[in-house]
Amino acid sequence: MGGLLGRTRFAAIDDVSFSLEAARPEIFAIIGESGSGKTTLARMILNTLAPSKGIIRFLGEDISRFRGRREQLQFMRKVQPIFQNPFEAFNPLKRVDRYLFASAYHFAGHHGRAGREAAADEALKKVGLSLAEVKGRFPHELSGGQLQRAAIARALISSPALIVADEPVSMVDASLRMSIVNLFKTLRDELRVSIIYITHDLATAYYISDRVLIMQKGKVVETGPARQVLSNPQHPYTVLLRESILSPDDVDKSHLAGAA
Amino acid sequence: MDVALSVRDLRAYYLTSHFGVEREVRAVDDITLSVEKKEIYGIAGESSCGKSTFIRTIAAAIRPPLRVLGGSIRYSFLDRDLYDLDERALTEMRWKHLSCILQGSMNVLNPVRRVRESFKDFASPHMGLARSVFFDAVKAHLNRLRLSPTVLSAFPHELSGGMRQRVAIALATVCRPEFIIADEPTTALDVVVQKDVLALILEMQREIGSSMIFVTHDLTVHANISNRLGIMYAGRLVEEGSTRDILRDPMHPYTRHLIASLPRIGDVTPKKGLSGAPPSLADPPSGCRFHPRCPLAMDICRQAHPELTALAPGRRVACYAVSPLVQPAHEAAAARKATKADKSAAFLQ
């Protein structure tokens, strides 16, 4: 319960350790309820927030040691974010293609117009869109699913090694959700990108991830191979999460009747 | 069974005219449905399919550019059509007979006033009780919802999402209304809290014995809470039936896809997303609005939109591919008119 908190020091992330191997791309799901520190963790991995203690290493380098724009850009080239709500991630007054071109300019070094457009088009093709569909359009002119794909395409321009996706499908329509989730699978298998998939949706995490990490109030309570942890949870909190998932199969025996 | 709400041929469009360009967005197009007493009627559909417009229309909470262009809405507690009421009668009705639980409870509760004031504003005029008696009743009600009376003196931002949503439920149920409209009440909550809030809604609905329209895009929530289910696509109802029938045996290709793509724990078979994008309601596809994305589309689907046809007791589907009984809507309407004329002619003779 967040509730009637005063002004206390708050350990949003408390003693969390994990590692992903560069040579073996995987989808690593971080699961937890709101307030469990998932987003704070994502920000620290993206190096926009410095940890109070501890080290985050990327390819052996401590990311808090990066000084200056060049080193930071170098890091951003390899680690890219995707955010929850694409309508909030994009400025409503800015055309979507400008984000793609800016990424191509800064991260992929395409200074000419033709190169930028080619890079944007190539990235958009990877997510099932094309530059012709996106060019000159404002965010509100695209559907949520298209916009989220465009966000993923933008992240792909610099050919990153790691994508940090913070609740990427929770704002996307049910009919399009699985196509985004499947896209992550394709990215892992074909482009060999590792993905940190932050979510509270256990069902999609079970569907796509290789490993999961369950967080509660900033602490890791359980971690391991996704299928194993989610089908046979050990920690009481994971068990609680597992039992709270509603399923379409509950139609005969409502989960809620017992609770009510 | 008694009918609590009956909606017939409801059409509500957004009509705008900017710089001489007229636009109409057909957010609710020819919806006919009825909700029985003590029933939870679920409405499912993706965003921009018109479900929020629909509930705004049946709650008489519309303002321009949204306009109701036709149809009737009748509640059991009203003696006439909802849109024949004047402003005073509407105010009288709201909260006492018809209340809402909305998605962002932050939007219901005034962020700069304490929760107590919201109760005073919303519920007090309808209960007609003296101040102290009223707050005793509110406290007793909060207690039933397992909320401490101290929330009354809190500001909305001081409460967690789940608590805020429970306060919103308390507000919506304190006058014991006959009809409750719930619009995505648990969408912003995480799984553990969602389950508690849903259980609470169900418990309250049973205790008060009210009817409910429950809107969410999440079919797993519907599986747990709704008795009957209506699936909306692009402003139209495409399938309706008991929740069990729809989840077990979906008939409309859109519903089939929605249910087949639900991820489940323990199931690793590949799930497909639907290709294409939801249609724009300002310029909907001709004929059946699902045809550009439909795997079963035939020629007729592009020409005339299918009538929502009863194929089994309590089961209505609007798809030509499902049954030959489904007719184009204009032909079905003409046929209805003809039989009506026949009947009245027979009556006159």
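A residue counts as buried here when its relative accessible area is under 20%. Keep that cut-off in mind as we walk through this model, which is a predicted one.

Let's start in chain A, with helix 7. This helix covers residues 144-156, 13 residues in total. From its first C-alpha to its last it reaches 18 Å, close to the 18 Å expected at 1.5 Å a residue. Twelve of those 13 residues are buried, so helix 7 of chain A is largely enclosed by the rest of the structure. If you want to find them, the buried ones are A:Gly144 and A:Gly145, then A:Leu147, A:Gln148, A:Arg149, A:Ala150, A:Ala151, A:Ile152, A:Ala153, A:Arg154, A:Ala155 and A:Leu156.

And what does the covering? Several other elements of chain A take part, including strand 4 (79-82) and strand 5 (162-166).

Now hop over to chain B. Helix 1 there, residues 51-58, has six of its eight residues buried, so this helix is also largely enclosed by the rest of the structure. The buried six are B:Lys51, B:Thr53, B:Phe54, B:Ile55, B:Thr57 and B:Ile58. Just past the end of helix 1 of chain B, look for B:Ala60, which takes a positive phi of about 55°.

Further along chain B there's a pair of helices to look at together. Two packed helices are described by the angle between their axes and the distance between the axes. For helix 7 (residues 161-173) and helix 8 (residues 191-208) of chain B, the axes come within 10 Å and cross at roughly 10°. Angles under 35 degrees count as roughly parallel, so that is what helix 7 of chain B is to helix 8 of chain B. On the helix 7 side, the contact is made by B:Gly162, B:Gln165, B:Arg166, B:Ile169 and B:Thr173. Helix 8 of chain B brings B:Val193, B:Val197, B:Leu200, B:Ile201, B:Met204 and B:Ile208.

One last stop: the cysteines. A disulfide needs two cysteine sulfur atoms within 2.5 Å, and by that rule the count over all chains is zero. Take B:Cys288, which is in no disulfide: the nearest cysteine sulfur belongs to B:Cys301, 5.9 Å away. B:Cys301 is likewise in no disulfide, with the sulfur of B:Cys288 as its nearest. Both are buried, B:Cys288 with a relative accessible area of 12% and B:Cys301 with 7%.

Definitions and conventions:
Residues are numbered from 1 along each chain as its sequence is written. Chains are lettered from A and ligands numbered from 1 in the order in which they are written. This is a predicted model: local features need pLDDT of at least 70, side-chain atom pairs count only at pLDDT 80 or more; totals for chains, interfaces and linings use all residues. Side-chain values use heavy atoms; hydrogens and water are left out. Helices (H or I, at least four residues) and strands (E, at least two) are DSSP runs, numbered from the N terminus. The expected span of a helix is 1.5 Å times one less than its number of residues. Buried means under 20% relative accessible area, exposed over 50%, partly exposed in between (1.4 Å probe, protein chains only). Contact means heavy atoms within 4.5 Å. Axes are lines fitted to C-alpha atoms, for helices over the stretch in contact, and angles run from 0 to 180 degrees between N-to-C directions. Angles under 35 degrees count as roughly parallel, over 145 as roughly antiparallel, 65 to 115 as roughly perpendicular and the rest as oblique.
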